[in-house]
Amino acid sequence: MYSYTEFDEAFVRERVAQFRAQVERRIDGSLTEDEFKPLRLMNGLYLQLHAYMLRVAVPYGTLNSRQMNQLAYIAETWDKGYGHFTTRQNIQYNWPLLKDVPDMLDALADVGMHAIQTSGNTIRNVTADHFAGAAADEIEDPRPYAELLRQWSTDHPEFQFLPRKFKIAVTGAPNDRAVVKAHDIGLEIVKNDAGETGFRVLVGGGLGRTPMIGKVIRDFLPKDDLLPYCEAIVSVYNLLGRRDNKYKARIKITVHENGLDEFKAQVEDRFALLRGQFGGADQQLLAEIKAQFARPDLPARDLSGFTTAYDNDPVFRAWVDTNVAEHAVDGYALLTISLKAHGETPGDATAEQMREMAALAAEYSSDELRISHEQNVILPHVAKSDLPAIHARLQQHGLATANIGLISDIIACPGMDYCALATARSIPVAQQIATRFDELKMEHDIGPLKIKISGCINACGHHHVGHIGILGLDRAGVENYQITLGGDGTEDAAIGTRTGPGFAYDQIVPAIETLVETYLDERESPDETFLDTYKRVGMAPFKAALYPAEEKSRAA
Amino acid sequence: MPLDPASAPVADRVRDLNERYRHHGATAVLERALSDAQVGNIALVSSFGAESVVLLHMISVMDRTTPVLFIDTQMLFEETLQYQLDVSEKLGLTDVRSIRPDPEKIRELDRFGALHLSDPDACCDLRKTQTLASALAPFDAWITGRKRFQGGQRAALEFFENEGDIRIKVNPLAHWAKDDVRDYMINNRLPRHPLVSQGYPSIGCKPCTSKVAEGEDERAGRWRGKDKVECGIHFINGKPVRRVAEGTEGEATPQEETTMSVIVTDGGFAADDWNGELAAPEDTGAAAVLLPSDADPEVLRDRLDQLKLVAVDFPSFADGRGFTIARRLRLMGYTGRLRAKGHVIADQYAMARRVGFDEVEIDLDLATRQPEDQWLRRAEWKAHDYQSRLRA
């Protein structure tokens with residue numbers, strides 16, 4: 001994986017020194033709060049409900065054990081001993097003091113990490129498939145391109161004060177695990193008829209108040225054109241995007257209001273103007289970056305230990321069935337460690353858990369870890385024969401929950417418990433759903449089912465693309481939860497449809513139970529997933545089950 | 001305890017209340033004031049001015065049915081009227097009462113709306129004081145947003161005040177500092193009055209409110225040049241207060257508007273050496289133009305050779321369009337002098353240079369607040385630049 005060059009190192013140190021001075025200038029009054037705000041946001045520092053919040057980038061979700069250990073150290077030294085992994089492959093600390101933040105940034109720089117551009121109206125941390133470089137279905141590892149984009153977008157002088165935030169995601173596999181269709185720019189590595197690889201470029205996707213699926217702006221972009229083409233898109237957006245209304249400022253609205261054809265025409269014009277700016281230095285850098293992402297040496301291993309445990313230990317077997325995915329190399333596996341223990345806060349990890357995961361990565365996974373946008377941690381290169389030992393270690397640290405992709409593997413935004421924007425609680429709802437279905441012992445029978453919860457209309461919990469989406473709103477001072485069904489964040493991306501009127505806080509868990517019971521009644525076989533059943537039978541039976549009184553009154 | 005606590009003498013109740021809530025904070029005082037029997041029927045009087053949104057937000061959280069009295073003197077800024085509608089809707093306030101002066105009296109005393117020119121006190125009295133007095137008649141108490149830091153007669157403000165033995169005045173924010181107000185607005189993402197960013201930290205009626213310069217008192221823009229500091233709705237010893245009391249400071253001297261500016265280059269600060277005018281982009285004969293941030297740089301394409309200076313306007317440092325405009329002008333082949341003009345901050349100097357600007361023009365206020373050394377710290381803009389590594 002990528003390690004900082006001298007240039008990266010010097011850049012990050014200089015940036016920390018600048019921020020240290022900015023904090024001092026805010027305190028002495030030479031910067032107004034209005035002026036300080038975008039500067040702290042560019043360095044990942046938010047002001048939340050109770051305190052500042054520092055959001056640290058994990059570029060394309062990749063970490064080594066030294067970095068994970070440092071995240072644990074920061075949590076213990078300057079926060080309350082834990083961190084929260086987010087839906088954009090970042091980690092957030094919810095309790096830092098302003099005066100400590102420059103020291104925290106220095107501690108990050110010590111291990112080649114930063115919090116640059118994790119917030120503010122700029123190009124945010126570039127995300128990628130969390131299985132990159134290890135998945136069996138991959139055309140090419142997307143992370144070198146994500147790293148190239150990181151370097152290009154970092155401190156880009158034209159794009160630090162855009163109309164609104166700007167998010168880019170890259171996938172190298174046809175099975176989209178990076179939700180590229182819900183990003184401002186989505187990049188899919190594809191092969192054309194001539195057998196060359198390039199990018200399919202999507203633009204104007206996003207969730208939030210106005211969910212939209214990204215539109216194809218270029219079917220096939222030669223790989224060398226990546227930077228000038230992205231620069232053309234953002235440059236056109238910077239002038240064309242609306243600045244009069246925050247809720248209409250994202251590129252999805254710009255594309256929608258101007259039309260894809262007009263937007264594309266302007267982008268192609270700008271691209272022609274910009275192409276000559278990139279004369280090959282970027283490609284040379286890319287080659288150096290690629291070398292660093294070469295897959296580690298994974299020697300053949302004997303499988304008998306794994307097979308014995310799998311055949312004889314039902315707990316181990318259930319865990320393998322849900323949490324292990326197919327690796328590109330025989331005898332190896334992609335192991336997802338669930339941060340969704342039933343009843344705990346989704347995505348939270350204690351310093352002790354971070355250290356244990358770091359130790360396991362060093363010992364068993366070529367020193368590599370990944371953070372997924374579904375708020376779990378992945379060991380990407382694990383020999384199957386080591387899985388029984390790893391499972392035993394994880395059990396000791398409360399990390400062996402076997403629920404990846406199941407009903408309790410919930411994405412939830414921080415909600416009203418932490419966020420100043422939220423209109424309803426989301427974490428307690430996630431905890432109650434997980435606890436309820438754990439009590440019922442139905443989780444494995446129900447099978448793959450993605451529940452996503454947002455505590456306000458801004459949709460940080462990605463509820464639009466949940467198979468079951470839950471949106472918490474404030475209705476005259478009372479929390480009210482709307483349900484959507486049929487959302488999908490994969491290559492078949494779809495926005496969920498609302499079931500009808502919302503539910504009160506104490507009715508939302510029973511409503512989810514009703515939906516699940518309806519699915520179990522309707523499905524043709526245990527192999528038919530919730531989403532497949534919904535696609536086959538539609539909304540009607542779910543609606544009838546959720547709103548029985550209404551159905552009757554209509555019949556009467 | 002009397003049977004009807006609100007009927008006890010105002011002075012006694014005020015003394016009790018100040019004693020009881022001495023150690024409470026703003027929100028606690030307000031929350032209790034809304035329900036304390038000794039306070040009685042209460043209304044919030046709000047001007048929907050620069051800082052009003054704080055109390056409005058607190059009320060909306062505690063009890064959004066609390067009556068809110070908004071005195072529309074019919075001399076207010078358009079922006080205030082719109083802001084009143086927007087904020088009331090956003091916060092879900094259910095009982096906002098827009099109160100206007102008696103039309104009969106207006107016809108009689110200020111038929112042409114010019115009374116403020118000849119006798120501002122009489123104008124305030126007619127449009128504000130009398131209007132409020134009749135609106136407050138049914139209430140035992142009212143809430144104001146006055147704060148000690150605002151100085152003058154407000155420096156010794158208590159949470160609860162006796163208003164002429166008639167009514168109680170509640171000042172929940174009495175002990176708040178400027179930063180508390182700002183933090184509260186930021187933390188709760190509250191919408192600001194649109195005139196604040198245009199230099200009006202305190203907002204009253206349009207004819208009698210002017211901008212305030214850096215370093216002046218916040219209320220210096222109210223009745224500027226007149227020996228008047230309050231409109232008269234706040235009483236002392238039963239009489240409306242309008243003048244500076246003897247022995248207190250606060251007389252504001254109007255400052256001349258300045259047009260001086262500073263040019264920043266890698267060498268630091270200098271005076272502007274460009275003596276000509278900056279023309280509008282449509283002026284095809286000009287040697288120097290000022291491009292607004294919403295202009296299309298294409299309009300200059302045919303005469304890039306003849307231009308000696310192009311200045312790009314930055315109405316706000318958060319408006320980043322100027323950076324893209326500069327880069328495009330350079331890509332189009334413009335090689336003359338390129339200037340970023342307006343609200344550009346020291347932290348953006350390297351960005352400005354990297355996209356092709358030669359210099360930055362800022363006003364004296366900004367140059368005072370962010371002195372030369374802060375700009376020189378970013379003068380090494382060629383160092384640590386990812387773009388120069390990628391763009392060869």
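Here are some notes on how two chains are put together and where they touch.

1. Before you start: this is a predicted model, where local features need pLDDT of at least 70, side-chain atom pairs count only at pLDDT 80 or more, and totals for chains, interfaces and linings use all residues. Residues are numbered from 1 along each chain as its sequence is written, while chains are lettered from A and ligands numbered from 1 in the order in which they are written.

2. Start where the chains meet. Chain A puts 36 residues into the contact and chain B puts in 29; two residues are in contact if their C-beta atoms, placed from the backbone, lie within 7 Å. On chain B, at least two residues each come from helices H8 (178-187), H9 (321-331), H10 (349-354) and H13 (386-390). H9(B) gives the largest share, with five residues. Helices (H or I, at least four residues) and strands (E, at least two) are DSSP runs, numbered from the N terminus.

3. What is chain B's side of the contact made of? You'll find 11 nonpolar, eight polar and 10 charged residues there. Here Ala, Val, Leu, Ile, Met, Phe, Trp, Tyr, Cys and Pro count as nonpolar, Asp, Glu, Lys and Arg as charged, and the others, Gly among them, as polar.

4. Chain B is assigned domain 1 (5-240) and domain 2 (261-385), with bounds from an automatic or database domain assignment. Taken over C-alpha atoms, the centres of these two domains of chain B are 43 Å apart.

5. Now look at helix H1 of chain B (residues 10-20). B:Val10, B:Arg13, B:Val14 and B:Leu17 are its buried residues (buried means 20 or more other C-beta atoms within 10 Å of the residue's own, exposed means 12 or fewer, partly exposed is in between, and C-beta atoms are placed from the backbone). They sit on the same side of H1(B) because they cover an arc of only 100° around the axis; the arc is that of the directions from the helix axis to the C-beta atoms. An α-helix has 3.6 residues a turn, so residues three or four places apart point the same way. B:Ala11, B:Asp12 and B:Glu19 are exposed on the face turned away. The cover over the buried residues of H1(B) includes strands E5 (160-163) and E6 (167-170) of chain B.

6. Helix H13 of chain A (residues 387-396) is worth a look too. Its residues A:Leu387, A:Ile390, A:His391 and A:Leu394 are buried. The buried residues of H13(A) fall within an arc of 100° seen down the axis, so they line one face of the helix. A:Ala392 and A:Gln396 are exposed on the other side of H13(A). Among the elements that the buried residues of H13(A) pack against are helix H12 (351-364) and strand E15 (377-383) of chain A. After H13(A) comes A:Gly398, with a positive phi near 65°.

7. On to a sheet in chain A: five strands, open, in the order E6-E7-E8-E9-E10, with mixed pairing. Two strands pair if DSSP finds at least two bridges between them. Strands E6 (127-128) and E10 (215-222) of chain A are the edges, each pairing on one side only. E9(A) (residues 197-203) runs antiparallel to E10(A), joined by five bridges.

8. Last, is E17 of chain A (residues 451-454) covered on one face or both? Both: A:Ile451 and A:Ile453 on one side, and A:Lys452 and A:Ser454 on the other, are all buried. E17(A) pairs in the parallel sense with E18(A) (residues 468-475) over four bridges, and A:Ile453 stands opposite A:Ile470 in E18(A).
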